[in-house]
Amino acid sequence: MLDDFDPVLTRIRDADPASRLSVDDATLTRLLVDSKRPRPARHRKLIIGIGLIGVLAVGAAAPAAADVLRAFLAQTGTFGNAIHSEEDNSEWIDLLAPDAREYIASIYPDDLPVPPGTEVATFRLLVADKIIAAAHATSEQEGGVGIQQQRTGLQRSFEQTAYGEWIRTWLVADKAGDVATRGAAAAALQDACSWPAFVATDGGGVIAQMQTFADAAGDVDRDGVQAAAQYNLVDGAGGWDGIDRNWWITEHTP
């Protein structure tokens, strides 16, 4: 089904490469200005809203590569350096750019499974809006500085949110005695251990912990899945029941 961002996606997908050889004055000016801006001296790991985890650059905008033409103003044209532990080689995205919401929605992983009844168009806008809101809040707290996050981190936010909703789906189905839906949720939690952005950003131990939670779902261990809800901040209706299960996490951590 078409949604508000299909025209944007079509424009990018069907663009003639030859058309990228020309640059309008506004774009050229922006590229030249960006190229003179200093690179941020440091990067920070922050947790942004509802468990959306990503790596942000806080400070002046990073320099854009003058030979990279962008479909969105949010694209800086600067790519990470995998030598640094907090970066991979994906592009840094300006979360305060006027079209950041559109950009984030456009990179939703098409093969990311979401629970039954979830409308993908609504889901990706919800995640994009929470990322943008968190970025603006962080900028205000830091005195109005620029906020950037790498593309992989943004895609991880989609994965993290979907992962949390599969945990919720398992808990709701288990309580209702819906074996089929509970089984589908358990399979999704198992599959999540191989989702690309999770794997790409695993600094050690995250995937192993996810595997432990997935095994608990497959074994119909409600305490284990409640521990997953607690650990992943799955709050609200059908989520974590508020009972501390750090004991379970400690006992089952690889």
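This is a predicted model: local features need pLDDT of at least 70, side-chain atom pairs count only at pLDDT 80 or more; totals for chains, interfaces and linings use all residues.
Residues are numbered from 1 along each chain as its sequence is written, and side-chain values use heavy atoms, with hydrogens and water left out.

Helices (H or I, at least four residues) and strands (E, at least two) are DSSP runs, numbered from the N terminus. Helix α4 (residues 120–141) comprises 22 residues and reaches 32 Å from its first C-alpha to its last, close to the 32 Å expected at 1.5 Å a residue, the expected span being 1.5 Å times one less than the number of residues. Just after α8, Val220 takes a positive phi of about 55 degrees.

Strand β5 (residues 146–150) is largely enclosed by the rest of the structure, because four of its five residues are buried. It pairs with strand β4 (residues 91–94) in the antiparallel sense over three bridges, where pairing requires that DSSP find at least two bridges between the strands; the bridge partner of Asp94 in β5 is Gln148.

Aromatic pairs were assigned to rings of Phe, Tyr and Trp (its six-membered ring) with centres within 6.5 Å, planes under 30 degrees apart counting as stacked, over 60 as edge-to-face and the rest as tilted. By this rule the count comes to seven aromatic pairs. Phe72 and Tyr103 form an edge-to-face pair, at 5.5 Å centre to centre and 80 degrees between the planes. Since Phe72 lies in the loop between β2 (52–59) and β3 (75–79) and Tyr103 in helix α3 (residues 100–106), the pair ties together parts that are 31 residues apart in sequence. Phe72 counts as buried at 4% relative accessibility, as does Tyr103 at 3%. Trp195 and Phe198 form a stacked pair, at 5.9 Å centre to centre and 5 degrees between the planes, and both are buried.

A salt bridge was defined as a side-chain nitrogen of Lys or Arg within 4 Å of a carboxyl oxygen of Asp or Glu, and the count comes to six salt bridges. Arg182 and Asp174 form one of them, with closest N and O atoms 2.8 Å apart, and both residues are buried. Asp223 and Arg245 meet in a further salt bridge (2.8 Å, N to O); as Asp223 lies in helix α9 and Arg245 in the loop between α9 and α10, this pair ties together parts that are 22 residues apart in sequence.

Asp244 is placed in the loop between α9 (222–231) and α10 (246–252). Its side chain makes a polar contact with the side chain of Gln230 (3.0 Å), a polar contact being a pair of N or O atoms within 3.5 Å in which, within protein, one must be able to donate a hydrogen and the other to accept it, and residues adjacent in sequence count only if both atoms are side-chain atoms. The side chain of Asp244 also reaches the backbone nitrogen of Asn246 at 2.9 Å.

Key:
Buried means under 20% relative accessible area, exposed over 50%, partly exposed in between (1.4 Å probe, protein chains only).
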